[in-house]
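I'm opening a notebook page on a structure that is new to me. Here is what I looked up, entry by entry.

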Amino acid sequence: MGAAGRDFHNFNMLYSDNPSCRVVAFTAAQIPFIEKRRFPGELAGPLYPKGIPIYPEKRLPRIIKEHSIDEVVFSYSDISHDDVMHKASMVIALNASFVLLGAAPTMLKATRPVISVCAVRTGCGKSGVSLFIANAVKKLGVTPVAIRHPMPYGELVRERVQRFSGLEDTKQAKCTIEELEEFEPFIKNGITVFAGIDYKEILKQAQKEAQVIIWDGGNNDLPFIKPDLEIVVVDPLRPGHEIKYHPGEANLIRADCVVINKANTADKADILKVRANIAGLNPKAGVVETSSVITVEGEISGKRVVAIEDGPTLTHGGMGYGAGVLAARMHGAILVQPRPFAVGTIKEALQKYPHLKNALPAMGYSRKQLKDLKDTINSIPADAALIATPADLSRIIKINKPCIRVRYGVKDAKRPGLAGIVKDFLKRFL
């Protein structure tokens with residue numbers, strides 16, 4: 001059971017060369033348009049020359065019955081503990097075992113020092129923290145390379161190993177908005193990013209270029225590479241979520257260092273609640289606070305604006321707002337609600353996520369969805385579009401109104417903070 005990422009990695013690590021098992025299918029959830037594909041034989045290995053079918057998760061009961069399935073291996077992230085166990089109950093009721101794999105069997109061992117950056121939920125600011133760490137490494141004269149959690153939403157054979165060191169690389173790879181949001185900030189800071197499907201080969205290639213590897217996690221998943229320094233980001237704007245989601249809670253328990261991000265915008269009581277949960281689960285972890293710094297590249301006071309935010313954060317991440325909404329409120333802009341103007345697959349997405357009122361998720365998992373996003377933005381009666389996505393959306397689609405970038409970064413709330421932790425780590429390992 002997966003979402004085009006952890007599922008493929010688990011298969012590669014534990015099942016592709018295992019003659020005692022026969023993998024019948026992958027199921028797909030969370031991400032639109034990733035089902036009805038096939039994990040190709042070129043990637044699946046000699047035991048699966050015809051590849052393995054991928055089905056929507058709703059077909060799981062039927063697959064279990066038709067193939068007399070013995071084990072269902074749960075392999076995706078950012079899902080509540082309740083929902084995990086509801087799925088487990090269904091599987092167990094159909095006489096199959098429900099499997100949750102441990103961290104160690106799915107982790108690769110690097111020959112370079114590894115800093116992993118994971119989170120307890122989507123939208124904690126993990127990517128900003130990863131970039132902060134990469135830049136801190138660079139400032140110390142050390143070469144970082146980022147390895148990103150997989151996002152193989154296109155042609156799987158072409159996406160076995162992906163390397164991005166310039167924006168031209170993303171064009172050639174036909175990256176989706178979701179991929180660009182993760183790759184572009186690193187690229188613009190002169191940091192090479194690897195991603196794909198075959199992380200054994202990805203790690204092998206990345207190690208040739210890196211002095212330090214930074215694992216930039218996806219959702220709230222565990223690292224694919226064994227870390228020497230395990231950093232986990234928590235979000236005080238959602239206190240309590242750090243102990244309610246899988247496998248985010250496991251990340252928190254494993255962490256060497258916990259970063260309380262957005263400390264400058266959170267209530268002190270919520271920060272204290274998060275600190276109490278950290279202390280209850282992992283009292284030995286170091287804890288630092290970072291601020292989320294928002295900058296607006298234009299005048300928006302009194303203007304009607306539509307806030308366009310990071311898609312995964314708003315959708316399965318469960319956030320109702322992001323930096324764009326915060327920027328509008330900080331600078332006296334008037335937010336136009338996008339829901340009445342949404343069309344096609346964007347309208348369907350907003351119906352699926354009723355908590356979204358003032359923000360529009362930047363979703364572009366297919367050409368059709370990208371067009372629907374463009375048509376939705378262009379139909380909204382606003383004076384400007386606030387582009388609060390990590391990638392510059394105005395470079396990807398043609399928007400018929402002025403576009404104002406909203407950027408957000410991470411900085412230490414106190415010194416030596418996270419930068420000091422990185423510096424001490426490099427002293428020990430290099």
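What covers the buried residues of α1? I found that the cover includes β1 (26–28), β2 (38–39), α2 (41–44), β3 (52–56) and α8 (199–206).

Ground rules first. I'm working on a predicted model, where local features need pLDDT of at least 70, side-chain atom pairs count only at pLDDT 80 or more, and totals for chains, interfaces and linings use all residues. Residues are numbered from 1 along each chain as its sequence is written, and side-chain values use heavy atoms, with hydrogens and water left out. My helices (H or I, at least four residues) and strands (E, at least two) are DSSP runs, numbered from the N terminus.

**Entry: helix α1**

I looked up residues 6–14, and eight of the nine residues of α1 are buried. Buried here means under 20% relative accessible area, exposed means over 50%, and partly exposed is in between (1.4 Å probe, protein chains only). The buried ones are Arg6, Asp7, Phe8, His9, Asn10, Phe11, Asn12 and Met13.

**Entry: α13 and α14**

How do the axes of α13 and α14 cross, and at what angle? I read roughly 85 degrees for α13 (residues 344–352) and α14 (residues 367–379), with the axes coming within 6 Å. The axes are lines fitted to C-alpha atoms, for helices over the stretch in contact, and angles run from 0 to 180 degrees between N-to-C directions. I therefore put α13 and α14 down as roughly perpendicular to each other; that label covers 65 to 115 degrees, while under 35 is roughly parallel, over 145 roughly antiparallel and the rest oblique.

On the α13 side, the contact (heavy atoms within 4.5 Å) is made by Gly344, Thr345 and Ile346, and on the α14 side by Lys368, Gln369, Asp372, Leu373 and Thr376. I sorted these residues into two nonpolar, four polar and two charged. For that, Ala, Val, Leu, Ile, Met, Phe, Trp, Tyr, Cys and Pro count as nonpolar, Asp, Glu, Lys and Arg as charged, and the others, Gly among them, as polar.

Is Asp372 buried or exposed? Asp372, found in α14, is buried, with a relative accessible area of 6%. Leaving aside neighbours within four places in sequence, I see Asp372 in contact with Val343, Gly344, Thr345 and Ile346.

**Entry: the second largest pocket**

I noted a volume of about 730 Å³ for the second largest pocket. Of the 27 residues that line this pocket, Thr170, Ala173, Lys174, Cys175 and Thr176 are the closest to its centre. A pocket is an open set of points on a 1 Å grid over the protein atoms alone, where a 1.4 Å probe fits, with protein on both sides within 12 Å along at least five of seven lines; lining residues have an atom within 4 Å of a point. Grid points are joined across faces, edges and corners, and the volume is the space filled by probe spheres set on the points.

Each of β9 (161–164), α6 (167–172), α7 (177–188) and α14 supplies at least two lining residues, and α6 gives the most, with four. The lining divides into 10 nonpolar, seven polar and 10 charged residues.

Most residues other than glycine have a negative phi, and most peptide bonds are trans. I wrote down a cis peptide bond joining His246 and Pro247, with omega about -5 degrees. The bond from Arg415 to Pro416 is cis too, with omega near 5 degrees.

Lys262 has a positive phi, near 60 degrees, and is buried at 10% relative accessible area. I found Lys262 in the loop between β14 (257–260) and α10 (268–281).
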